[in-house]
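Dear colleague,

I am passing on to you the structure we spoke about, together with some notes made while going through it. Please read the notes with the structure open beside them.

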Amino acid sequence: MNRYRVSALGAIVLALSAGAAALTAAQPGDNKAEPGDMPAMTPDMAAMMKLFEDAGKPGVQHELLKQFAGTFDAKVSMWMPGVEAPSVSTGTMVNTLNHGGRYLHHEYKGEFDGADFTGSGDWGFNNTAKRWEGTWMDSMSTAVSFNTGTLDGKRGEWTMKGEWDHPLGYRARQRDVIRMAGPDAHSMTSYTTDKDGIEQKVMEIAYTRRPDAAAGKSASGTR
Amino acid sequence: MQTRLTAACVLALAACSPLLAQTGTTPSKATPAAPAKPALAVRPAKPEAKQPDAVPGMDADMAGRMAAGVPGEHHKHLEQMAGEWDAKVTSHWDPVPEESKATLKAHMRMGGRYLVSNFQGTMMGQPMVGQHILGYNNITKKYESLWRDNMGTGMMMETGTCDGAGKVITMTGETDGPDGKKHKSRSVTTIGDGKFTMQMFGDGPDGKEMKMMEIVYTRTKAPAKGGMDDEIDEMQTKIKKGVKDATDAAKPK
């Protein structure tokens, strides 16, 4: 499909500038460009290019993703409506830095009701929109999830929010809070708001870094 | 991690069903909860669980969620694009269209639910690596896609529909540009025999839609059996055994 999304966006904005350049070029007295020549970069285009380059560079926020790189044991607690005690399961989360350190990629394997459960996602910071962006997909759903959020640096706490369509025809709201608990541990607590506007804690995952495996390796193995 | 969004909802909510099923005393008769069946079928090691019928009102709810998680005909459409492809990319935003070559490795993931495509090419002379995720959301009845790459820090999401035969998929989206404006996009993917074409449109200088890019993909390899799901499984097994560098398998390729 749209394999060229972001660059497509670049293309769109460049086209805008190129259009401006073309207009400039068309003014009387200008030299005609030969076919095949690259249009000269106007100050506008150059500025636009710079904008794009800067927006595309990983920054301080992306540095923060590095601390999540590695392999983590996960303990998952889930709360069902009307049941006080959580159901608990375990899994493994592998986090790698991808796309030149711009995204933290997640590969999760665990269980659900005794059967295999797999999930995968990505987490990054959008320099343009100035927000954290996360995606998720898993083996129990058909939705491609996208959520956005903020970081409270003092608390070492991220809040990611999203909405999803409930099969019963309403829009459910989701809030995930990610807390650092030292270099080798973090947690995520998930809350869902139902159609009556009531928010409930539905899940908590405690991640602990596995001392073995390639824990340190993934941080350096960026692409 | 943070993105346990669906996981959270789906898990916590879908959790009701199996748990109820476990405590249920009698196997339910064929109820409207029947769509739950295929969902359970994706759990290979488990005998068919009983239908939830213990809590009134829960069945329809759960059946909906379970059914929403089952891949269907639209997910079959996605499979047409699994495999390895050579790509010819033509950029149309320059006065003189520019051509470049690229490759694409696409896998179905999560038990046939999502098409994950890894793109490698060049963009304005720079090496470009990108990943595209395409799914079909049974609840919204829309195709959903995400793109991200090594040239930007923003993800791009689009939604869309397909024609009756699943041969033409049209997606639209809107993204914040670094210029502070919203930029609309539309893409049309046309699937043929051993090839498919993606055309990408955006707002032109005059505000009218114009073609920005066209990519023609030609198949070079059929999708591998098991594909990336198997590779990831293997990685997880290696990690449990403490094998070094096992996480490399999680990187885009």
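Predicted model: local features only at pLDDT ≥ 70, side-chain atom pairs only at ≥ 80, totals over all residues.

Among the contacts in chain A with a separation of 6 or more, 36% are made by residues 24 or more positions apart.

Strand S4 of chain A, residues 115-126, is largely enclosed by the rest of the structure, because eleven of its twelve residues are buried. On one hand it pairs with S3(A) in the antiparallel sense over ten bridges, and there A:Gly119 of S4(A) is the bridge partner of A:Tyr108. The hairpin of S3(A) and S4(A) has two residues between the strands, and in it A:Asp113 takes a positive phi near 55°. S4(A) is also joined to strand S5 of chain A, residues 131-138, by eight bridges, and these two strands likewise run antiparallel; A:Asp122 has A:Thr135 in S5(A) as its bridge partner. Four residues lie between the strands in the hairpin of S4(A) and S5(A), where A:Lys130 takes a positive phi near 55°.

In chain B, helix H6 covers residues 227-241, and its 15 residues reach 22 Å from the first C-alpha to the last, close to the 21 Å expected at 1.5 Å a residue. Its buried residues are B:Gly227, B:Met228, B:Asp229, B:Ile232, B:Met235, B:Gln236 and B:Ile239. An α-helix has 3.6 residues a turn, so residues three or four places apart point the same way. What covers the buried residues of H6(B) comes from both chains, and includes strands S1 (70-78), S2 (87-98) and S3 (103-112) of chain A as well as strand S2 (98-109) of chain B. After H6(B) comes B:Gly242, with a positive phi near 80°.

The largest nonpolar core has 31 residues, and those with the most contacts inside it are B:Leu115, B:Phe119, B:Tyr143, B:Ile215 and B:Tyr217. Another core, of 27 residues, lies apart from it and includes A:Ala69, A:Phe72, A:Ala74 and A:Phe117.

Over all chains the salt bridges number 21. One of them brings together the side chains of A:Glu199 and A:Arg175, at 2.9 Å from N to O; this pair links distant parts of the chain, with A:Glu199 in strand S10 (residues 199-209) and A:Arg175 in strand S8 (residues 171-180) of chain A, 24 residues apart. A:Glu199 counts as partly exposed at 38% relative accessibility, and so does A:Arg175 at 24%.

In chain B, the closest N and O atoms of B:Arg186 and B:Glu209 are 2.7 Å apart in a salt bridge. Because B:Arg186 lies in strand S8 (residues 182-191) and B:Glu209 in strand S10 (residues 209-221) of chain B, the pair ties together parts that are 23 residues apart in sequence. A further salt bridge joins the side chains of B:Lys182 and B:Asp176 at 3.2 Å, N to O; here B:Lys182 counts as exposed, at 52% relative accessibility, whereas B:Asp176 is partly exposed at 28%. Lastly, A:Lys50, A:Asp54 and A:Lys57 are linked in a network of salt bridges.

With best regards

How values were computed. Residues numbered from 1 in each chain as written. Chains lettered and ligands numbered in written order. Heavy atoms only, no water. Expected span 1.5 Å × (residues − 1). Buried < 20%, exposed > 50% of the residue type's maximum accessible area, 1.4 Å probe, protein only. Contact = heavy atoms within 4.5 Å. Pairing = 2+ DSSP bridges. Core = buried A, V, L, I, M, F, W, Y, C linked by side-chain atoms within 4.5 Å. Salt bridge = Lys/Arg side-chain N within 4 Å of Asp/Glu carboxyl O.
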